[in-house]
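Open the structure in your viewer and get ready to select and colour. This tour goes stop by stop, telling you what to pick and what is there.

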Amino acid sequence: MITDKRVQVIFGLFIWTGLYASLIPFSEWLVALLPVEGDSHLGEAIAFFVYDAPKVLLLLTVVVFVMGIINTWFTSERTRALLAGRSLGLANMLAASLGVVTPFCSCSAVPLFIGFVQAGVPLGVTFSFLIAAPMVNEIALTLLFGLFGWKVAMLYLGLGLTVAILGGILLGKLHVERYLEPWVQNITKKDVSFESEARSLEQRLEAGYAAVKDVVGKVWIYILVGIAVGAFIHGYVPENFMASFMGRDAWWSVPLAVIIGVPMYSSAAGIIPVVQALLAKGAALGTALAFMMSVVALSLPELIILRKVLTVRLIAMFVSIVALGILLVGFVFNLVL
Amino acid sequence: MLEVKVLGGGCNNCKVTASLLEGVALDMKVKINLEKVEDIQDIMAYDVISTPGVVINGKLVHRGSVPSRQQVERWFSEK
């Protein structure tokens, strides 16, 4: 039994590389074993599933591990200290970027929100963080990279950050402080000093393992179901079936995608394989990404939690601005590509 | 007897943390008095903005994630 964590990591990387390299031969071997024609509907669906599912899970494992380690430097408390007392503008960019690397669970949204306000982080900057944190995360980016390639992943990153930055600035300019719940408005400001907890390399690696166990343990089933649905659409839905109502020419498909997407809630893990399959059948990239962003960024459970600190009016403004931003992203995408 | 508090508004990670603490205490035969703090003002009093947080004998030892089993064992054996 190897107990040194560093040795374990190097050993694990070797195994991972070996597995990743054998993905194609493995899927070909498995499909050849089955009594179905490779170019039949079922054959295509199976081939899609047995290649993509292990590939995405492998990618996700390594990315979550690395992010788990990176997260140990970016706690919410440190992020707050970095943002406190800054003014709108550059701070929104910083907040959106920190939203990507700071671990965030929507169940902490209320203490986080109050903690930020209390420490004097401007409201617009806080919103930039709150928009970016659920929307642009390592799970979404890994899946986009694994299924669509790095260009789409980078576009998503860039546009997601843009929506978060501009949305936050706009909310800040609208002086929405008056639409906070009264008790939040009365919170007194307090100075926040950050004391760094010394962490050893061992502890950071431990955090990486914990993240893998937690995140991959939670999302693997969504990924499998998502890819299975994707595989079904891949194999059975006729080519260009989606083009007529999710294609580039149907301008109304973008608002429709956002309207359907906002009340839906799924983690990025479950929705991306479906989006991939839609794309393969002729849906426009902008429409598909707008759909995905609206599903991932705005979620009913988070809004219900935020209702404790925001009035209904402010929640409505928050949702409208984010939805509008996503809408623009969809249109721009369809126009440019 | 250790006074242990889990800070968090009833989210899943908080429940997991609480049962982990109970389990480790049982395994290590450490007596603890576990309290779940769910009120937002009380949570903020410990300056915890990312839940769950863990407080042992009045001192905040952890915040922002479900702690690992090894961490919990360290806290209990140090006391």
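**Stop 1: a pair of helices in chain A**

H5(A) and H7(A) cross in a right-handed way. Keep in mind that you are looking at a predicted model. Select helix H5, residues 90-101 of chain A, and helix H7, residues 123-135 of chain A. Their axes come within 7 Å and cross at roughly 30 degrees. Angles under 35 degrees count as roughly parallel, so H5(A) and H7(A) are roughly parallel to each other.

Now show side chains. On H5(A), pick A:Ala91, A:Asn92, A:Ala95, A:Ala96, A:Leu98, A:Gly99 and A:Val100. They meet A:Gly124, A:Val125, A:Ser128, A:Phe129, A:Ala132 and A:Ala133 in H7(A). How many residues of each class make up the contact of H5(A) with H7(A)? There are nine nonpolar, four polar and no charged residues.

**Stop 2: another pair of helices in chain A**

Move along to helix H13, residues 253-261 of chain A, and helix H15, residues 285-297 of chain A. Here the axes come within 8 Å and cross at roughly 20 degrees. That makes H13(A) roughly parallel to H15(A). The crossing of H13(A) with H15(A) is right-handed.

Select the contact residues next. H13(A) brings A:Ser253, A:Val254, A:Ala257, A:Val258 and A:Gly261. H15(A) brings A:Gly286, A:Thr287, A:Ala290, A:Phe291, A:Ser294 and A:Val295. Colour the contact of H13(A) with H15(A) by class: six residues are nonpolar, five are polar and none is charged.

**Stop 3: the domains of chain A**

Zoom out. Colour domain 1 of chain A, residues 5-71 + 205-235, and then domain 2, residues 76-189 + 237-336, as the domain assignment gives them. How far apart do the C-alpha centres of domain 1 and domain 2 of chain A lie? They lie 27 Å apart.

Look at where the domains touch. In chain A, 20 residues of domain 1 are in contact with 20 residues of domain 2. On the domain 1 side, the elements giving two or more residues are helix H3 (41-71) and helix H11 (201-236) of chain A. The residues on that side of domain 1 are 14 nonpolar, four polar and two charged.

**Stop 4: the sheet in chain B**

Switch to chain B. Four strands form an open sheet, in the order E2-E1-E3-E4, with mixed pairing. Which strands are at the edges? They are strand E2 (32-37) and strand E4 (59-63) of chain B, and each pairs on one side only. Neighbouring strands of this sheet are turned by 20 degrees against each other on average, direction ignored.

Select strand E1, residues 2-7 of chain B. Six bridges join E1 to E2(B), and these strands run parallel. Pick B:Lys5, then its bridge partner in E2(B), B:Glu35.

**Stop 5: where the chains meet**

Show both chains. Here 15 residues of chain B are in contact with 16 residues of chain A. Which element gives the largest share of the chain B side? Select helix H2, residues 40-45 of chain B: three residues come from there. By class, the chain B side has seven nonpolar, eight polar and no charged residues.

Definitions and conventions. Residues numbered from 1 in each chain as written. Chains lettered and ligands numbered in written order. Predicted model: local features only at pLDDT ≥ 70, side-chain atom pairs only at ≥ 80, totals over all residues. Domains from an automatic or database assignment. Contact = placed C-beta atoms within 7 Å. Nonpolar A, V, L, I, M, F, W, Y, C, P; charged D, E, K, R; others polar. Pairing = 2+ DSSP bridges. Axes fitted to C-alpha atoms, helices over the stretch in contact; angles between N-to-C directions. Parallel < 35°, antiparallel > 145°, perpendicular 65-115°, else oblique. Left-handed = near helix turned anticlockwise from the far one by under 90°.
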